[in-house]
Amino acid sequence: MDMTGQEEYPAKIGIIICSTRTPRVCPQITQFVLDTIQSTKHQDTTIPTPDIIDLAEWNLPLFNESSIPSQIKDPSQYDHDHTRAWSAEITRYHAFIFVVPQYNWGYPAVIKNAIDYLYHEWSGKPAFVVSYGGHGGGKCNRQLREVFRGVRMEVIERNVELAFPGRGVLERAAKGEDIGLANGSGSGGKLGFWEDERRGIVDAYRELLQVLSGRV
Ligand SMILES: Cc1cc2nc3c(=O)[nH]c(=O)nc-3n(C[C@H](O)[C@H](O)[C@H](O)COP(=O)(O)O)c2cc1C
């Protein structure tokens, strides 16, 4: 039960920060996605708040397991402690949101590496992508959804592409500077440049919860 006496939604959702650069804008954009989801709570207080999974904190080495993860039957068969820890983390969640920048028309290597470590831990779980870039990162978004199919994730068809509104914002993002996404604090937040995209984030999240309903 939550403080209002309503049943809490039992599903656990992970939101993955898929840039590990220093500096980086990804945490700001992840917070914007979280704030957008939170803003729907006045309509439905049972909507779960995703937990942040920051790949920079995980700092996984380049894939170094001796077996193919799809053939692993039990996490004890992994060679390395870091793989067992990553496996336990991903097992905790029922679904995922990936917040990811487009790098050179694709996704950053760090997220492919993090996915490749595991297989059964991802399989069957719904996920959607929030990509960003000069034109919204559509190429990265499509390529990552293809990889999801490879590990048998359930791909939410709605995807979200956030396009930086101009060169100035792209340059601030690249330097990890504040691009003004915090609620009401600037051009990207309340009534700002991604106001229309908030609807898409909420719709994708609702679709993800819909897929989960009845399962969890
Ligand atoms: C290696 C690299 C490649 C990039 N390639 C693209 C690209 O293909 N398309 C695009 O719109 N922006 C591209 N950018 C600009 C990024 O959108 C921008 O730097 C953004 O801040 C990256 O996200 P991050 O700060 O969270 O890492 C690229 C940036 C980097 C560092």
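D79 sits in the loop between α2 (55-58) and α3, where helices (H or I, at least four residues) and strands (E, at least two) are DSSP runs numbered from the N terminus. D79 counts as partly exposed, at 37% relative accessibility; on this scale, buried means under 20% relative accessible area, exposed means over 50%, and partly exposed is in between (1.4 Å probe, protein chains only). S67 is 12 residues away from D79 along the chain, and the C-alpha atoms of the two are separated by 8.4 Å.

A quick word on the ground rules. This is a predicted model, in which local features need pLDDT of at least 70 and side-chain atom pairs count only at pLDDT 80 or more, while totals for chains, interfaces and linings use all residues. Residues are numbered from 1 along each chain as its sequence is written, and side-chain values use heavy atoms, with hydrogens and water left out.

Next come the salt bridges. Side chains of opposite charge can pair when their charged atoms come close. Searching the whole structure turns up 12 salt bridges, each being a side-chain nitrogen of Lys or Arg within 4 Å of a carboxyl oxygen of Asp or Glu. In helix α3 (residues 81-91), R84 and D81 lie three residues apart, about one turn of the helix, and their side chains meet in a salt bridge (2.8 Å, N to O). D81 is exposed at 59% relative accessibility, whereas R84 is partly exposed with a relative accessible area of 27%.

Another pair is D54 and R24, whose closest N and O atoms are 2.8 Å apart in a salt bridge. This one links distant parts of the chain: D54 belongs to strand β2 (residues 51-54), and R24, 30 residues apart from it, to the loop between β1 (13-17) and α1 (26-38). D54 is buried, with a relative accessible area of 9%, and R24 is buried too, with 19%.

R158 and E207 also form a salt bridge, with their closest N and O atoms 2.9 Å apart. Here again distant parts of the chain are linked, since R158 is in the loop between β5 (154-155) and β6 (160-163) and E207 is in helix α7 (residues 195-212), 49 residues apart. R158 is partly exposed at 43% relative accessibility, and E207 is partly exposed with a relative accessible area of 25%. These two belong to a network of salt bridges that links R158, R199, D203 and E207.

Now for the ligand. Around it are 16 residues, the closest being S19, R21, Y103, Y132 and G134; a residue counts as near if one of its heavy atoms lies within 4 Å. This shell divides into nine nonpolar, five polar and two charged residues. A polar backbone atom of Q102 is 3.5 Å from a nitrogen atom of the ligand, and a backbone N or O atom of A174 lies 3.4 Å from a ligand oxygen atom. Of the 610 Å² of accessible area that the ligand has on its own, the protein covers 78% (Shrake-Rupley method, 1.4 Å probe). Two or more residues of the shell come from each of β4 (126-133) and α6 (167-174).

Definitions and conventions
Polar contact = N/O pair within 3.5 Å; in protein donor to acceptor, adjacent residues only side chain to side chain. Nonpolar A, V, L, I, M, F, W, Y, C, P; charged D, E, K, R; others polar.
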